[in-house]
Amino acid sequence: MSARITETSGCAVTLHCQTFHSHNQGAWLVWLHGLLGRGNDWLPLVNACDQYASLIVDLPSHGNSAEMIVPDGFAEMSELLNATLSEYRINDYWLIGYSLGGRIAMYHAIHGKHEGLRGLLVEGGNPGLFSQQERNVRLQDDQHWAQRFRQESIASVLADWYRQPVFAYLTSVQREQLIHLRSQNRGDCIADMLEQTSLGHQPWLVSDLQKMTTPFTYLCGENDLKFQNIAKQYTLPLKTIPRVGHNAHYGNPAAFSAAVNHFLSLFG
């Protein structure tokens, strides 16, 4: 099923979500996971931020939104996010996104309709590639991975996926745990989302992020040198999470949730 914003019946198409602590007043926390993840990845963080209402989202091609696709990429994803927030009557919210979820959050903050957006917390999300040549190379790389996800067993692809330099911090036990956990995904669905939201299709967001007046923090694991360097190169508001790599909220949920709670406390 395509995640077009309206079906022929006129009913809005929305993402599968779960709500937590909805009795709390004030702005909601809206959590967007990374590629190969699902909304439940955020549960330890949601429970540590229990003074806020939370909406955890299964992105297209993932979890209980696995049958949904976004052929028009980031623009359609941003519209779909708005439709989902409207369905849950969320008009006042913070976006928290990891990796792919962070890239979606940044795109939404810059190019989407976001009247109720209070602020942005991005964990290890790439703000874009500057040159068309870089984007073309990345698109080819993502298409290669997508082909593998479609043609091979997902476990065998993930065994190589988690050998990429950005995951060099993983121990062999952690790597095996992630392969087991992420093998619950469907390879063809992951391939679709990987192609549709490739960094090669993402606009260059750096200039707009630097000028943005909306509260923004860029969370990054202490051992994630690639994304620390991105933050420093583009003067993004970096907050480092100790003793972890790229997936900081997974590796050190206590420190990550403390950083989230502190940032939110600064803005009432």
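At what angle do helix 4 and helix 5 pack? In this predicted model, in which residues are numbered from 1 along each chain as its sequence is written, local features need pLDDT of at least 70, side-chain atom pairs count only at pLDDT 80 or more, and totals for chains, interfaces and linings use all residues. Side-chain values use heavy atoms, without hydrogens or water.

Helix 4 (residues 132-151) and helix 5 (residues 154-161) pack at about 150 degrees, and their axes lie 8 Å apart. Helix 4 is therefore roughly antiparallel to helix 5 (angles over 145 degrees count as such). Their crossing is right-handed. Trp145, Arg148 and Phe149 of helix 4 contact residues of helix 5, among them Ile154, Leu158 and Trp161 (contact means heavy atoms within 4.5 Å). Helices are DSSP runs of H or I with at least four residues, strands are E runs of at least two, and both are numbered from the N terminus.

Strand 2 (residues 28-32) is largely enclosed by the rest of the structure, because 5 of its 5 residues are buried (under 20% relative accessible area, with a 1.4 Å probe and protein chains only). Trp28, Val30 and Leu32 point one way from strand 2. Leu29 and Trp31 point the other way. In a regular strand, side chains alternate between the two faces of the sheet.

Strand 2 runs parallel to strand 4 (residues 93-98), joined by 5 bridges (pairing requires at least two DSSP bridges). Here leucine 32 has glycine 97 as its bridge partner. Strand 2 also pairs with strand 3 (residues 54-57), in the parallel sense, over 4 bridges. Tryptophan 31 partners isoleucine 56 in strand 3.

Definitions and conventions
Buried means under 20% relative accessible area, exposed over 50%, partly exposed in between (1.4 Å probe, protein chains only). Axes are lines fitted to C-alpha atoms, for helices over the stretch in contact, and angles run from 0 to 180 degrees between N-to-C directions. Angles under 35 degrees count as roughly parallel, over 145 as roughly antiparallel, 65 to 115 as roughly perpendicular and the rest as oblique. A crossing is left-handed if the near helix is turned anticlockwise from the far one by less than a right angle, and right-handed if clockwise.
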